[in-house]
Amino acid sequence: MTRRPSRATRAYKVTGAFFLARLDVFALRLARRERRLIGLALMRLVIGFATILYCLADYSNRQFLWGPHAYNSPSTASAQIPGGGFSLYLLSDSQAWFEVLFHATILASAAFMVFGGRMLTVVQAVLMWSLHYRNQDLLEGGDNLAQILVIFLAFTVSNAYFAPGAKKRREELLAPDRTPAVSTVLHNLATYLIVFQTAVLYFAAGYWKIFGKVWQDGVAMYYVSRETEFHMSARFAHAMGNAYLGTAVSYATIAIELAFPFALLSSRAWLRKANTLALEAMHLGIAAFMGLVCFGLLMIGADCVCLRDEDYRSLWRSLQTGRARMAANWPGEAGRRREFPIGGFAPRMPGTPLRKGVHDHV
């Protein structure tokens, strides 16, 4: 007489079969085609531009900050480097070696921006790590994230957009008859690791803010705007002096940071796009009002990978639709009479007085 398996055994087998089937679907999804190509290309542009800006912002003081006879001596810099870190600047105290290496970093970053590719990504990572670890007193915080993400970026196809030959490269990657490849799996795994790292960073930042007394009271942005360590904007400090506005900004910062991982997992595209754009607006504000331009740019670059390619196409279509509506309502010919629907009102353009540029602090 055959003994029937118990209910627990049958449930265990059904659950195991379900997870194995889902694992097969996930593996096939990883190997089928490269994903988030637009976001990776944008992150490539941002990292390259931020590195160039980092070098040129203090170009006239490069000897004092990074040179062989800088205030931060090579022995001091070597002692500050954590395990696994390195700096090519510390291999020699030659002035010629420093000049060649420093200007090679600028040229390599420009080439990385324009062309991309795995080889240039590795060169960018080595030179960027070397520059950061030569003098860690100048780092703003986003550099640590960039050092991690550029390693993942080396396993991805970062030049499928905004690079010479990108269209042809994209057609080869997205060909319907293309067979699954190991390089595709590596690309997608590295991409998801970038997204995971960014999501964990935001969630941890929001989680720790909850336990901060100044964040609980809603006065965190007031104290931040009074910091003298950064190039604070007087307008920003005045705005955060308002109790209602300062509290709203403080609580909104916590909300969008904590919601970010859940928004990425949501099937609602509008939630994913709204949360990501809110974070990017926050970092633009940090760059504009706090003077942390490189930090803001690097965080925006990480945010770019968190949106899917279809999200970017949807945003582009919305932008094109908005431009078409504005062009229809505001003809370009001077003196031409504008006509509006019956019962409608002519749209007004709010005044936008020119202000000092964000980059002027550099």
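**View 1. Trp208 sits in helix α9 of this predicted model.** Helices here are DSSP runs of H or I with at least four residues, numbered from the N terminus. Trp208 is exposed, at 61% relative accessibility; exposed means over 50% relative accessible area, buried under 20%, and partly exposed in between (1.4 Å probe, protein chains only). Phe203, Tyr207, Trp208, Ile210, Phe211 and Phe262 form a nonpolar surface patch with about 680 Å² of accessible area together. Such a patch joins nonpolar side chains (Val, Leu, Ile, Met, Phe, Trp, Tyr) within 5 Å, from residues with over 30% relative accessible area and no salt bridge. Areas come from the Shrake-Rupley method with a 1.4 Å probe. Helix α9 (residues 182-210) gives the most to this patch, with four residues.

View 2. Asp309 belongs to helix α16 (residues 309-329). Leaving out residues up to four places away in sequence, Asp309 touches Arg35, Arg36, Leu37, Ile38 and Gly39 (contact means heavy atoms within 4.5 Å).

**View 3. The disulfide count is zero.** A disulfide is counted when two cysteine sulfur atoms lie within 2.5 Å. For Cys55, the nearest cysteine sulfur, in Cys294, is 9.0 Å away. Cys55 is buried, at 0% relative accessibility.

**Notes.** Residue numbers start from 1 along each chain as its sequence is written, and side-chain values use heavy atoms, without hydrogens and water. In this predicted model, local features need pLDDT of at least 70 and side-chain atom pairs 80 or more, while totals for chains, interfaces and linings use all residues.

Methods
Helix = DSSP H or I, 4+ residues; strand = E, 2+ residues; numbered from the N terminus. Patch = residues over 30% accessible without salt bridge, like charges linked within 9 Å, V, L, I, M, F, W, Y side chains within 5 Å. Salt bridge = Lys/Arg side-chain N within 4 Å of Asp/Glu carboxyl O.
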